[in-house]
Amino acid sequence: MHIASIGTGPEILFLHGFPDLWYSWRHQLLSLSSLGYRCIAPDLRGYGDTDAPKNCREYTVFHILGDLVGLIDSLGIDKVFLVGHDWGAMVAWYLCLLRPDRIKALVNMSVVFHPRNPHKSFVQISRDLFGDDYYICRFQEPGEVEEDFAQIDTARIIRKFLTSRNPKPPCIPKEVGFRGLPDNPNLPSWLSEKDINYYAGKFNQTGFTGGLNYYRCLDLNWELMAAWTGLQIKVPVKFIVGDLDITYNMPGAQDYISKGGLKKYVPFLQEVAIMEGVAHFLNQEKPEEVSSHIYDFIKKFN
C-alpha cells in the first residue's frame, strides 16, 4: 500500500474516492499537518501505487477495511480521526460501523450513510430508479466501461469527471458512452494541467479496473453485510456536501439529511455543512473551507 504522510501529532486518515488518488487530499495534508496533525492518505486497493488484485471479488468492503486496519496497525496507531469522500466516504461509514474502537471522530463528504435494505441491493434500487443506463449499473459488467474509457485519452476522462457540474443522476447510454460526456474546454481555477497529468499518469499505469471493482462488489457487499442490518454508526460525525453534488440531488436526499433520516442511523451526527455552489470534488474545489471544516470539528476531540 502506497501512502502519503506528513506532520506529527494526532493522526488523521484520509480516504479518497473514484476516480481519485491520495492526491485529492494534497491541500488538506499540508494545511492540517501545519496545525499539528499527522496526516495519512493512502492510495486505496486497486489505485495508484497500491497493489491491485486481479479478482474483482477481492474489492469488498471487508477487503478494504482489512487493508486499512492493517495500515493503522503497521503504523502503531490505536485510534485515528477519519476523513472520507465519495467511495472513501462509503468505506469510512463501514469502518465506523464495524470498528468504532479505532475511530476518534469522522468527517465524511458527499455520500451519506444508508442503512442496508434487507430486500434489495443498492444496485437493484439504482436500476429501479434510473434504469440500466445509470452509471453504477453501467459499471457492473467487467471490461465494458474500461473499453469505453479506452476510446479517448485518459486525461480527457479525468477532466470530464473532475470538472462536471451537472447535478442530475448520470445516465450514459451505451451508444453515447462516457466518451460522449461533454468536455469542459477550460479548467476551473482550482484544477491545473499539472493535476490532470498526475491523475492521468497514474491511471495510464493502472487502468480504471481497480476502482471500478468497488462498484462490482456492491451486490456482494449487500449479501455479506446481512448480519449488520439495522446497526447504527456510533462515532461523532460531521457531514459535508456541496449543493451541486449529484449525491445531494438524488431523490429524497435533501430531506433525508435535513429532516432526521441520517441522524436516525448516525445518532452522534453533530454537524452538517451544505456548501453553496460547490460540486462533487469539494475537497479540491474549496480546499481552505474544507480544511477548516475538518479542523473545527476534530479539534474538539484532541
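This report walks through a few spots in a predicted model.

## Ground rules

Residues are numbered from 1 along each chain as its sequence is written, and side-chain values use heavy atoms, with hydrogens and water left out. Because the model is predicted, local features need pLDDT of at least 70 and side-chain atom pairs count only at pLDDT 80 or more, while totals for chains, interfaces and linings use all residues.

## The nonpolar core

Start with the largest nonpolar core, which has 102 residues. A core here is a set of buried Ala, Val, Leu, Ile, Met, Phe, Trp, Tyr and Cys residues joined through side-chain atoms within 4.5 Å; buried means under 20% relative accessible area, exposed over 50%, and partly exposed in between (1.4 Å probe, protein chains only). F14 and F18 have the most contacts inside this core. Helix 3 (residues 87–98) gives the most to the core, with 11 residues; helices (H or I, at least four residues) and strands (E, at least two) are DSSP runs, numbered from the N terminus.

Leaving aside residues up to four places away in sequence, F14 touches, among others, W25, L29 and I294. A contact means heavy atoms within 4.5 Å.

## A buried aspartate

Now look at D195, in helix 8 (residues 193–206). D195 is buried, at 7% relative accessible area. Its contacts, not counting residues up to four places away in sequence, are Y23, R26 and W190.

## Two loop residues

W228 sits in the loop between helix 10 (218–224) and strand 6 (237–242), and is partly exposed at 32%. P142 lies in the loop between helix 5 (135–138) and helix 6 (144–149), and is partly exposed too, at 48%. P142 and G76 are 66 residues apart in sequence and 37 Å apart in space, C-alpha to C-alpha.
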